[in-house]
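Trainee: Please put the model on the screen, and I will ask about its sheets, loops and helices.

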Amino acid sequence: MTSLGSIPALRVLSGSALAAVERDSRPARFPAGAMLRPYGEPARAVVLLLSGTVAAAHLAASGVEVWPEQWTGPAIADKPAVLDGGVPPTGLVALTAATARLLPRQDFLRLLDQEPALRAHVFGRLARDALTARRRLAQATTLPAVARLAAWLDAPERPHPVAWSGTQEQLARMLGLSRVSVNRALARLAGSGAVRRTGQGIVVADRATLRAVVNDYSE
């Protein structure tokens with residue numbers, strides 16, 4: 001299992017502070033598909049994600065589930081829900097098998113008060129996440145499916161050539177599109193040479209072409 005010290009936000013802590021986080025948190029394992037936090041429940045603990053990928057899950061009135069944000073360990077997952085303290089509009093689901101330590105909300109808030117470097121890191125990450133969400137909202141309301149997919153695959157948070165290793169159904173949930181729309185968009189991007197579909201997943205072959213697709217619809 002990955003150690004807590006591998007989580008970027010926690011690297012700023014001293015050895016004693018990190019040991020205190022370990023003492024105050026409890027270990028947890030989640031199989032793929034498990035709900036870490038069901039819909040309608042407040043975030044009573046912060047998820048210190050050691051391995052695996054989890055996502056915020058929104059269930060529409062139509063029954064369609066979308067995943068507007070995801071985190072891959074090592075990372076702190078779903079910080080806004082913990083900081084807000086109310087009932088978030090999303091649940092939290094494991095997209096893959098995941099391991100974590102769960103730190104009670106009050107202990108996390110106390111840690112932020114006591115550790116200025118950690119607080120600065122967390123708030124800086126929240127600011128970047130908010131700007132990313134703003135960019136995605138603009139794309140969702142102004143771009144067709146193929147351009148939205150191209151922008152998502154080329155996003156700075158996906159620098160690795162294998163930009164997506166899940167299923168097309170899962171990718172559709174990430175983008176708020178239908179699986180058919182994602183399949184057609186992938187076919188167009190593959191036809192242009194921007195991406196390749198491999199056994200490992202969707203590989204970005206030509207980022208310049210991805211950006212050209214986005215620019216064609218943004219002008």
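The questions below go through the sheets, then some single residues, then a helix pair.

Mentor: This is a predicted model, in which local features need pLDDT of at least 70 and side-chain atom pairs count only at pLDDT 80 or more, while totals for chains, interfaces and linings use all residues. Residues are numbered from 1 along each chain as its sequence is written, and side-chain values use heavy atoms, with hydrogens and water left out.

Trainee: In the open sheet of three strands, what is the order?

Mentor: S9 (residues 162–164) and S11 (residues 201–204) run antiparallel and are joined by two bridges. S10 (residues 195–198) pairs with S11 over four bridges, also in the antiparallel sense. S9 and S10 are the edge strands, and the order is S9-S11-S10.

Trainee: Which residue is the bridge partner of Arg-197 in S11?

Mentor: A hairpin of two residues joins S10 to S11. For Arg-197 the bridge partner in S11 is Ile-202.

Trainee: Which helix packs on the sheet and touches S10 and S11?

Mentor: Neighbouring strands of the S9-S11-S10 sheet are turned by 40° against each other on average, direction ignored. Contact means heavy atoms within 4.5 Å. The helix that touches S10 and S11, with its direction at about 115° to that of S10, is H7 (residues 179–191).

Trainee: Which residues does the cis peptide bond join?

Mentor: One of its two residues, Pro-74, lies in the loop between S5 and S6 (75–77). Omega is about 5°, and the bond joins Gly-73 and Pro-74.

Trainee: Is Asp-78 buried or exposed?

Mentor: Asp-78 is in the loop between S6 and H2 (79–84), and its phi is near 55°, a positive value in a residue other than glycine. Buried means under 20% relative accessible area, exposed over 50%, and partly exposed in between, with a 1.4 Å probe and protein chains only. The relative accessible area of Asp-78 is 6%, so the residue is buried.

Trainee: What is the relative accessible area of Leu-143?

Mentor: Leu-143 lies in the loop between H4 (116–142) and H5 (145–153). The C-alpha atoms of Leu-143 and Val-214 are separated by 7.9 Å, although the two residues are 71 residues apart along the chain. Leu-143 is buried, because its relative accessible area is 9%.

Trainee: With which residues is Gly-176 in contact, leaving aside its neighbours within four places in sequence?

Mentor: Gly-176 lies in the loop between H6 (168–175) and H7. Its relative accessible area is 46%, so Gly-176 is partly exposed. Its contacts, with those neighbours left aside, are Val-66 and Arg-148.

Trainee: How do H5 and H7 lie, roughly parallel or roughly perpendicular?

Mentor: Two packed helices are described by the angle between their axes and the distance between the axes. For H5 and H7 the angle is about 70° and the axes are 9 Å apart. Angles under 35 degrees count as roughly parallel, over 145 as roughly antiparallel, 65 to 115 as roughly perpendicular and the rest as oblique. H5 is therefore, relative to H7, roughly perpendicular.

Notes. Two strands pair if DSSP finds at least two bridges between them. Axes are lines fitted to C-alpha atoms, for helices over the stretch in contact, and angles run from 0 to 180 degrees between N-to-C directions.
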